[in-house]
Amino acid sequence: MSDTLEILLTNDDGIDSVGIRAIHDALVEHADANVTVVAPASDQSACGRSISHGGEIGLVDHELGYAVEGTPADCVVAGLAELGPDPDLVVAGCNRGANLGEYVLGRSGTISAAVEAAFFDVPAIATSMYVPVDETPLREIDLSTDDFREARRVTTYLAEYALDAGVFDHAAYLNVNVPIPGKRPAPIEITRPSKRYEMDAEATDGSVTLHDRVWESMDPDTIPDPDGTDRRTVAEGRISISPLTAPHSTNHHETLTELAETYHDRVATADD
């Protein structure tokens, strides 16, 4: 990696989160990168691909860069189109909590920042950290920058070597999930997103409570996800890297084509 590598850094936890500070300092100190931070002014977790339409969005200077009163997608558009130099790479994270499985790809603000970068033809890395929890809500767990050292190591490594290695010739972005750091760096496994989806809802007294049951089955000894999936990999203590594409591809569907070909005749008959 050359000294002129330009990185746009964003997240969805907000510009004052510990995770973005940890990644920022690692990229600046160890990757010799020029880092421009454009991140949400407040927590935008699980906002998905939400983007502001029309009107002005609040923007203030911050010690790390720019704080935007908007979503991660807003931040990427603002950063790539106006606020920063032309970046070689967009980095999103590090997110407090993992972003695992196919269903999360459209829900996570961290992932959505990487997808937005892909539409600008800029490669991206989205980094998240799996934090095992019991009855304590994830947001109430205190984390320090040192808790993100696994995320710091792998994100810096990928920023330093992935571009020149040609990784992004075959992937628009990398979804990186790391475990809580141990004494030694965790091994990396190239994965695919898990297909598990276990949502349910309970209605009581005029309200509905949604439950994501996926996180209740993360015990590495009993996790049901198959080998090679992101959830199993992280639960077993390894770094998961899923190389993904955007925009999403479509499949040629002969049955749907045949159905479309009969549309006019069937509709015309029904209208007679």
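This report describes aromatic pairs, cysteines, helix packing and backbone features of one predicted model.

Residues are numbered from 1 along each chain as its sequence is written, and side-chain values use heavy atoms, with hydrogens and water left out. Because the model is predicted, local features need pLDDT of at least 70 and side-chain atom pairs count only at pLDDT 80 or more, while totals for chains, interfaces and linings use all residues.

## Aromatic pairs

A pair of aromatic rings is described by the distance of the centres and the angle of the planes. Rings of Phe, Tyr and Trp (its six-membered ring) are taken as a pair if their centres lie within 6.5 Å; planes under 30 degrees apart count as stacked, over 60 as edge-to-face and the rest as tilted. By this criterion the structure holds 2 aromatic pairs.

Tyrosine 103 and tyrosine 197 form an edge-to-face pair, because their ring centres are 5.3 Å apart and their planes stand at 80°. Tyrosine 103 belongs to the loop between strand E5 (89–96) and helix H3 (109–119), and tyrosine 197 to the loop between strand E8 (188–190) and strand E9 (199–204), so the pair ties together parts that are 94 residues apart in sequence. Helices (H or I, at least four residues) and strands (E, at least two) are DSSP runs, numbered from the N terminus.

Tyrosine 157 and tyrosine 161 have ring centres 5.1 Å apart and planes at 55°, so this pair is tilted. Both of these tyrosines lie in helix H4 (residues 149–165), at a spacing of 4 residues, about one turn of the helix.

Buried means under 20% relative accessible area, exposed over 50%, and partly exposed in between (1.4 Å probe, protein chains only).

| Residue | Relative accessible area | Class |
|---|---|---|
| Tyrosine 103 | 14% | buried |
| Tyrosine 197 | 51% | exposed |
| Tyrosine 157 | 47% | partly exposed |
| Tyrosine 161 | 43% | partly exposed |

## Cysteines and a cis peptide bond

A disulfide is a pair of cysteine sulfur atoms within 2.5 Å, and the structure holds 0 disulfides. For cysteine 47, the nearest cysteine sulfur is that of cysteine 75, 9.1 Å away. For cysteine 94, the nearest cysteine sulfur is that of cysteine 47, at 16 Å.

Cysteine 94 is found in strand E5 and is buried, with a relative accessible area of 0%. A cis peptide bond joins glycine 93 to cysteine 94, with omega at about 5°.

## Helix packing

Two packed helices are described by the angle between their axes and the distance between the axes. Axes are lines fitted to C-alpha atoms, for helices over the stretch in contact, and angles run from 0 to 180 degrees between N-to-C directions.

The axes of helix H1 (residues 18–30) and H4 come within 9 Å and cross at roughly 50°. H1 and H4 are therefore oblique to each other; angles under 35 degrees count as roughly parallel, over 145 as roughly antiparallel, 65 to 115 as roughly perpendicular and the rest as oblique. H1 passes H4 in a right-handed crossing. A crossing is left-handed if the near helix is turned anticlockwise from the far one by less than a right angle, and right-handed if clockwise. Contact means heavy atoms within 4.5 Å. On the H1 side the contact residues include Ala22, Ile23, Ala26 and His30, and on the H4 side they include Ala151, Arg152, Thr155 and Ala159.

Helix H2 (residues 72–83) packs with H3 at an angle of about 30°, and their axes are 8 Å apart. The crossing of H2 and H3 is right-handed. In H2, Pro72, Ala73, Val76, Val77 and Leu80 meet Gly109, Ala113, Glu116 and Ala117 of H3.

## Loop residues

Valine 167 is found in the loop between H4 and strand E7 (173–178). At 30% relative accessibility, valine 167 counts as partly exposed. Not counting residues up to four places away in sequence, valine 167 touches Ala162 and Leu174. The C-alpha atoms of valine 167 and proline 123 are separated by 9.4 Å, although these residues are 44 residues apart along the chain.

Alanine 46 has a phi near 60°, a positive value in a residue other than glycine. Alanine 46 lies in the loop between strand E2 (34–40) and strand E3 (59–61) and is exposed, with a relative accessible area of 55%.

Aspartate 205 has a phi near 50°, again a positive value in a residue other than glycine. This aspartate lies in the loop between E9 and strand E10 (207–212), and its relative accessible area of 82% makes aspartate 205 exposed.
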